[in-house]
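The model is a predicted one.

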Amino acid sequence: MTPLAAPAVGVVMPVYNAAAFLPQSLAALAAQSHRAFLCFLVDDGSSDGSAALCRRFAARDPRFRVLTQPQSGVSAARAAGLAAARQAGAAYISFADADDLCHPRFLEVLLAAAQTTGCGAACCRFVPFAGAPPLYDALPETPPPPRVLAAPAHRDALLHDRRVDFSLCNKLYRADLLSPALLDTGYRYNEDLWANWQIFSVLPGLAFCDFVGYLYRQHPDSASHRPLLAQSL
């Protein structure tokens, strides 16, 4: 399989000590119905063999590329992956965490929604899970048209609608809306919300696709379970 010189979508995945879940997460991306993508795996100084897993996977599937950096945090990893995706010519960007799972039609549906509505960004619902992942939503061959949340309703939804949420990972963005500086701010918490607020402030609206497209794994080492540090308060 030879990847396109200018992929439609660049997927950015920060990787840090995710060896227990990484193979399943990578397999879910490799199985996407929309195949014109490049996934940038940014190993953030892992010590558990994650980097080797990434290299082995990339050796089998040239749509996956591995970047390495000293441990610098998820924001810096996302910024590095974004820079690589933009350099590769990706027109749209999506983010995924190394322990989560994407619906097989995640990229297909969100890309079509962002393009056909002219919003420049699209999102879907996500659900948290622990243990065995839930079954993916069944979608008809032609999914229902997305609902457009026109400004300023999309910003209100970002703050108050749990179907939209403030995560970067259940969304897809036009690449020109993003920059490494937007992602790597030094914030340790709610960095997703800050970045999305800046992005949404220049969007005419958001295309909302009403299906569970992203599965968010909950486990003891998940960032969402780490206690707030004093220096972050």
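How far apart are the closest N and O atoms in the salt bridge that Arg-78 forms with Asp-192? They are 2.7 Å apart. The pair links distant parts of the chain, with Arg-78 in helix α3 and Asp-192 in helix α7, 114 residues apart. Arg-78 is buried, and Asp-192 is buried as well. The relative accessible area is 5% for Arg-78 and 9% for Asp-192.

**Salt bridges**

The structure holds 10 salt bridges. Arg-78 also forms one with Glu-191, where the closest N and O atoms are 4.0 Å apart. This pair, too, links distant parts of the chain: Arg-78 lies in helix α3 and Glu-191 in helix α7, 113 residues apart. Glu-191 counts as buried at 15% relative accessibility. Together with Asp-97, the residues Arg-78, Glu-191 and Asp-192 are linked in a network of salt bridges.

Another salt bridge joins the side chains of Asp-61 and Arg-63. Asp-61 is buried, with a relative accessible area of 9%, and Arg-63 is buried at 2%.

| Pair | N to O distance |
|---|---|
| Arg-78 and Asp-192 | 2.7 Å |
| Arg-78 and Glu-191 | 4.0 Å |
| Asp-61 and Arg-63 | 2.8 Å |

**Helix α7**

Helix α7 spans residues 191-200, and its buried residues are Glu-191, Asp-192, Ala-195, Asn-196, Ile-199 and Phe-200. Why do these residues lie on the same side of α7? They cover an arc of only 155° around the axis, which puts them on that same side. An α-helix has 3.6 residues a turn, so residues three or four places apart point the same way.

Leaving aside neighbours within four places in sequence, Asp-192 is in contact with Arg-78, Phe-166, Ser-167 and Leu-168. With Arg-78, the side chain of Asp-192 makes a polar contact at 2.7 Å, side chain to side chain.

**Nonpolar cores**

The largest nonpolar core has 67 residues, and those with the most contacts inside it are Met-13, Phe-64, Ile-93 and Phe-95. Helix α4 (residues 106-117) gives the most to this core, with 7 residues. Apart from this core lies another, of 5 residues, among them Ala-28, Phe-129, Val-212 and Leu-215.

Beyond its neighbours within four places in sequence, Phe-95 is in contact with residues including Val-12, Leu-168, Cys-169, Tyr-173 and Tyr-214. Arg-78 is also one of the contacts of Phe-95.

**Cysteines**

How many disulfides does a search of the whole structure find? The search finds 0. A disulfide would need the two sulfur atoms within 2.5 Å. Cys-169 is buried, with a relative accessible area of 1%, and Cys-209 counts as buried at 6% relative accessibility.

Key. Residues numbered from 1 in each chain as written. Predicted model: local features only at pLDDT ≥ 70, side-chain atom pairs only at ≥ 80, totals over all residues. Heavy atoms only, no water. Buried < 20%, exposed > 50% of the residue type's maximum accessible area, 1.4 Å probe, protein only. Helix = DSSP H or I, 4+ residues; strand = E, 2+ residues; numbered from the N terminus. Arc of directions from axis to C-beta. Polar contact = N/O pair within 3.5 Å; in protein donor to acceptor, adjacent residues only side chain to side chain. Contact = heavy atoms within 4.5 Å. Core = buried A, V, L, I, M, F, W, Y, C linked by side-chain atoms within 4.5 Å.
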